[in-house]
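My notes follow in the order I looked things up.

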Amino acid sequence: MTTSAQTVIAPARARTATATATVRRKEGFQHGGWFVAPFVALFALFVIWPLLRGIWLSFTDANISGEGASFIGLDNYREALDDPMMWDSLGHSAYFTLLVVPCITVLAFLLAMLAHHIERGKWIWRLCFFAPFLLPSTVAANMWQWLFTQGIGLFNETLGIDTPWLTDKSYAMLAVVIETLWWTVGFSFLLYLAALQGIPAHLYEAAKLDGANAWHRMVHITLPMLRTITGLVVALQVLASLQLFDQAVVMMDFGPGPELSTRSFVQYTLEQGFTSYRVGYASAVSIIFFVIIAVVALARMWLLRTREEATR
Amino acid sequence: MGRPGLNRRHLLATAGGLAVAGSFGFAALGTGADALASSARTRVRYWNLFSGGDGANMIAMLDAFRKETPGIDVKDSTLQWGNPFYTKLAMAAAGNRAPELGVMHLGRVAGFSPGRLLDPWDMDLLAKYGVRQEDYHPALWNRGVIDGKLYALPLDIHVQLCFYRKDVLRKAGLLGDDGRMIPVTSTTEWFDVLKKARQAQKKGLQTIGLWTNDQNFQWWFFVAFYTQLGGTWFDDANTDVTFDADKATQVLEFLRRHVTDGYVIPGAPTGEQFINGAPFTWEGNWSVPVFSGAKLDYGATPLPPVFGRQATHAESHSFVLPHQAGRGGAPNEAAHRLAAYIVRHAQQWAAGGHIPAYTPTLSTDAYKKLTPQNEYVQAMDHQATEPKVWFAGSTGILAQDLGPIVVSSTMGSARPDAAARRMKDRLATLLASKNPMDGQTAAQGGAVA
Amino acid sequence: MSSTQIRLTTRTRRPWTPSQIVLTALGAVVSAVFVAPVAAALFTSFKSEAEAAEIPPHWLPQDWTGQAWQALFETGNITDWFVNSLVVSVCVTTVVLLVSALAGYGFARTEFRGKSVLMGVVMSGLMISPAVLGVPLFTTVQQMGMVDTYWGMILPQCAPAAMVYILYKFFQGIPRELEEAAFIDGAGRWRVFFTIILPLSRPSLAAVGIFTFIASWNNFLWPYMVTNNPDLMTMPNGIATVMNSYGIQWAQLMAGGLMAGLPLIIVFVFFQRQIVAGVAHTGLAGQ
């Protein structure tokens with residue numbers, strides 16, 4: 001992408017002398033810079049500066065009042081790495097991710113196949129599967145909190161069971177996972193559906209002529225053609241799931257769940273910062289989280305690149 | 001397409017443009033629709049954490065106040081109870097956009113950085129609206145005084161109670177001649193009572209509601225029974241942990257036994273079970289209006305003194321003035337007036353089960369006639385409270401850290417003795433930790449007067 | 001457009017094969033499962049509060065009543081929050097469209113010193129969100145004095161690196177010849193951008209705009225951190241953090257939730273094609 005950007009001016013140079021002169025006078029930092037300036041200003045203020053500030057704060061004992069912080073070196077990091085509650089909450093986020101990502105990927109694929117192959121009323125299926133995604137996280141979570149509440153909830157009632165979804169530590173995270181599947185599968189479903197519709201029809205026709213049955217067509221055409229999109233769905237879901245917060249806190253009334261079982265990493269960080277007022281420590285924990293997210297993102301980029309090189 | 005399409009497009013574009021312009025204009029005004037609508041009058045923003053019966057009573061009292069003082073516009077907001085409330089209040093004060101009046105648990109005041117996040121009350125203004133120090137129990141009043149200034153104006157005392165259904169207990173022969181539950185003085189007697197009650201109760205329900213999954217209730221029950229055993233937390237200088245793991249184990253085993261003996265259905269909604277016929281439930285006194293509203297034949301005593309000594313967990317709601325840089329003038333006076341009004345008209349509040357802090361209310365005939373309030377009013381003399389350190393107080397760090405450990409023992413995922421040891425370890429860590437607001441440990445004074 | 005029309009006409013002629021019957025039935029069942037929670041919420045919003053908390057629960061109200069909806073509007077907060085949501089989402093969408101279109105074009109088609117470095121820095125922003133760096137972001141906004149203000153809610157949502165990237169990719173795909181013809185006619189960069197590039201990119205801009213609006217309307221975490229004053233809260237935040245004073249009243253909670261959620265769903269019904277294209281487009285651009 002950088003190479004194509006660097007050759008932007010090249011064709012213009014080949015034009016007539018006057019045109020080239022005007023264009024080139026208008027180039028240079030002056031113009032390109034002004035195009036990106038508004039965004040870069042916002043980006044610097046609300047992304048880069050907080051990151052730098054977070055790094056600085058993580059070496060201090062800053063509190064929520066925003067005054068009187070002093071430098072304490074690596075103490076926060078030392079404490080964090082030694083903090084079982086931080087590791088527990090990281091474990092909860094990871095556990096959630098491990099449960100959600102495979103489920104959502106498979107479910108999204110199946111739903112997309114279903115919607116793709118039913119010939120009638122396509123918009124209805126799309127609407128039904130995608131609509132939950134349009135609900136605010138807190139609304140979806142409230143609905144499921146109510147569905148899961150023992151006694152008055154319709155979930156147990158409909159299935160004829162009596163599971164303490166929200167109050168038992170072995171079920172609480174599962175309840176959050178179920179809610180998340182319902183709420184967010186629509187997004188991945190749409191990506192799969194778009195990818196399915198993008199597979200050239202002639203591939204299937206050729207395969208049919210060769211006598212391949214439906215199963216073979218799926219294994220040899222559909223699945224390989226969906227490999228890229230699956231990579232994307234998984235990557236997006238991993239990054240989103242690691243940042244679990246909204247659903248879990250709303251379903252647990254802003255608490256950490258039964259025996260802390262649904263306290264996510266984000267929740268722990270915010271509790272440290274905003275409930276215990278330990279902004280310095282919370283910043284250190286945030287930076288650790290940032291590194292984890294960055295490693296995941298970079299790992300994905302690296303995987304993509306090696307795969308691209310392999311296919312080349 | 002033709003002309004109609006063009007017109008429609010124009011219309012859409014104009015509407016869109018207006019929406020964008022309107023949005024930016026509205027955002028630039030910055031106060032929100034409600035404040036815009038009421039800008040002419042003195043406006044008091046009042047944040048509280050009262051829901052359920054408390055919320056209904058508070059709204060009734062506010063409505064009465066509004067009728068009496070039409071010049072003051074009270075904007076009350078009920079935020080999610082517990083830590084989210086304190087987080088919001090602290091962040092609003094830190095961000096210098098706090099409401100004029102707030103509610104806070106008295107135990108939280110010391111750790112809430114009085115002077116920085118809280119402003120002191122103006123005693124002259126309070127006196128002007130009829131509230132004086134003489135109207136309070138000195139001990140209670142003094143809990144709100146820090147560095148000689150009043151930061152919290154107490155509204156009530158609320159306690160954990162043992163609610164019982166008279167209809168079931170009568171059948172089980174557990175009611176005395178006075179129509180109240182027979183006194184219990186040991187764990188053996190207590191489990192006998194439960195056993196008899198179970199035989200008399202409706203099938204399919206639990207015998208007692210214990211909030212076994214709730215870290216707040218479990219913590220409050222723990223504090224109550226640990227205090228009954230005479231347990232302590234720290235030495236006077238707050239330098240050493242004096243927490244007695246053996247006593248704690250006793251308490252944890254006691255709580256756990258309710259589950260192992262099958263008196264509790266973990267996770268079952270306690271209030272609904274009680275209303276449907278479960279003989280007992282342990283709840284805060286704020287459940288009084290719920291059960292009275294359900295027309296139950298019930299009573300309420302302080303938590304049974306099963307370890308030989310009366311003590312039940314108690315906290316107090318109080319009014320505070322969140323820090324505002326420019327506090328003063330009409331809104332500030334209106335905040336004083338509103339708080340004083342509610343404190344003085346606490347009869348309605350007492351109907352919500354709370355014991356009024358304003359003593360003139362306490363001695364009225366109307367209060368003495370309230371049932372079951374008159375059955376547990378003496379609980380205010382046997383208060384079990386958290387230690388007075390910066391990390392304590394309702395849903396504070398202490399409760400947040402130790403509550404889940406109590407739950408893990410009651411629910412059986414940790415052995416009571418192991419849980420007690422973990423509690424002790426955690427207490428040591430907390431005692432050594434510094435209050436982030438002033439960088440001092442509890443021993444160094446850590447923001448406690 | 002035309003292909004779907006063709007499919008429409010052919011579709012009606014297709015016979016009901018056995019496999020289609022099975023698939024359609026399966027689709028109907030799965031759809032019912034997906035719709036059920038929303039339907040349950042809708043039905044519950046028409047129950048009385050007592051009925052909404054009844055044991056055992058039932059799906060349809062025995063006595064239909066609009067009390068929850070009425071109470072919702074009487075307490076007043078919900079309309080404030082609705083207006084706030086609208087204001088914040090419209091502002092965020094407008095600013096994001098403007099700055100990310102400019103930046104996307106700047107990165108794709110102009111030259112300036114340090115561009116590739118800057119591009120790399122912006123792309124690293126894909127890894128940063130309020131969930132990851134919420135506490136430092138809050139202290140930054142606190143320092144600027146914007147806690148509990150609309151701007152404090154709006155501006156931090158206005159620097160999405162992903163949207164710049166999507167438009168950057170799109171602008172790269174526009175044939176250069178279109179611009180060059182205009183340059184020869186003496187038009188400058190800005191005129192080219194506004195008169196040639198923007199009109200061409202309407203579908204991409206719509207996709208970015210739709211996606212941004214949805215994300216902003218539904219955003220909970222950041223508004224939750226930065227607003228404490230209930231007067232300023234947006235729908236998702238208000239519903240979750242400001243309780244009704246009478247306790248959890250499920251019927252009202254469901255009615256409020258539907259009021260927060262239904263506008264987008266209704267819009268979806270009418271603009272399904274554009275929204276699906278928008279979401280797929282923005283999602284796929286991440287490849």
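Entry 1, chain A overall. I began with the cut-off for burial: a residue is buried if 20 or more other C-beta atoms lie within 10 Å of its own, with the C-beta atoms placed from the backbone. The model is a predicted one, and by that cut-off 47% of the 312 residues of chain A count as buried. I then looked up the secondary structure of chain A and found 16 helices and zero strands. I also checked how far along the sequence the contacts of chain A reach. Taking those between residues at least 6 apart in sequence, I got 68% that join residues at least 24 apart.

I picked helix α8 (residues 137-148) and helix α10 (residues 169-198), both of chain A, whose axes come within 10 Å and cross at roughly 130°. Are they parallel or oblique? Angles over 145 degrees would count as roughly antiparallel and 65 to 115 as roughly perpendicular, so α8(A) and α10(A) are oblique to each other. I noted the hand as well: α8(A) passes α10(A) in a right-handed crossing. Next I asked which residues of α8(A) and α10(A) meet. From α8(A) I listed A:A140, A:A141, A:W144 and A:F148, and from α10(A) A:A175, A:E179 and A:W183. Sorted by class, this contact of α8(A) with α10(A) has six nonpolar, no polar and one charged residues.

I turned to chain C and chain A, where 90 residues of chain C are in contact with 90 residues of chain A. Which helix of chain C gives the largest share of the side that touches chain A? I found helix α2 (residues 18-44) of chain C, with twelve residues. The classes on the side of chain C that touches chain A are 55 nonpolar, 25 polar and ten charged residues.

I followed strand β12 (residues 312-315) of chain B, which is covered on both faces. B:T312 and B:A314 lie on one side, B:H313 and B:E315 on the other, and all are buried. What does β12(B) pair with? Strand β8 (residues 156-165) of chain B runs antiparallel to β12(B) and is joined to it by two bridges; I saw B:V159 opposite B:A314. Strand β15 (residues 383-384) of chain B pairs with β12(B) in the parallel sense, over two bridges, and B:H313 stands opposite B:A384 there.

I looked up helix α11 (residues 245-260) and helix α19 (residues 397-410) of chain B, which pack at an angle of about 50° with their axes 8 Å apart. That angle makes α11(B) oblique to α19(B). In α11(B), B:L252, B:L255, B:R256 and B:V259 meet B:V406, B:S409 and B:T410 of α19(B). I counted the classes too: four nonpolar, two polar and one charged.

I found a cis peptide bond between B:T371 and B:P372, with omega about 0°. B:P372 lies in the loop between α17 (365-368) and α18 (373-376) of chain B. B:D147 has a positive phi of about 50° and is not a glycine; its loop is the one between β5 (145-146) and β6 (149-150) of chain B. Is B:D147 buried or exposed? I get exposed, with 9 other C-beta atoms within 10 Å. B:K295, also not glycine, has a positive phi near 60° and lies in the loop between α13 (288-293) and β11 (298-302) of chain B. With 8 C-beta neighbours inside 10 Å, B:K295 counts as exposed.

My last stop was B:Y367, in helix α17 of chain B. B:Y367 is partly exposed, with 19 other C-beta atoms within 10 Å. Beyond its neighbours within four places in sequence, B:Y367 is in contact with B:Q347, B:A350, B:T361 and B:L362. I also took the C-alpha separation of B:Y367 and B:P356, which are eleven residues apart along the chain: 9.3 Å.

Conventions. Residues numbered from 1 in each chain as written. Chains lettered and ligands numbered in written order. Predicted model: local features only at pLDDT ≥ 70, side-chain atom pairs only at ≥ 80, totals over all residues. Axes fitted to C-alpha atoms, helices over the stretch in contact; angles between N-to-C directions. Helix = DSSP H or I, 4+ residues; strand = E, 2+ residues; numbered from the N terminus. Parallel < 35°, antiparallel > 145°, perpendicular 65-115°, else oblique. Left-handed = near helix turned anticlockwise from the far one by under 90°. Contact = placed C-beta atoms within 7 Å. Nonpolar A, V, L, I, M, F, W, Y, C, P; charged D, E, K, R; others polar. Buried ≥ 20, exposed ≤ 12 C-beta atoms within 10 Å, placed from the backbone. Pairing = 2+ DSSP bridges.
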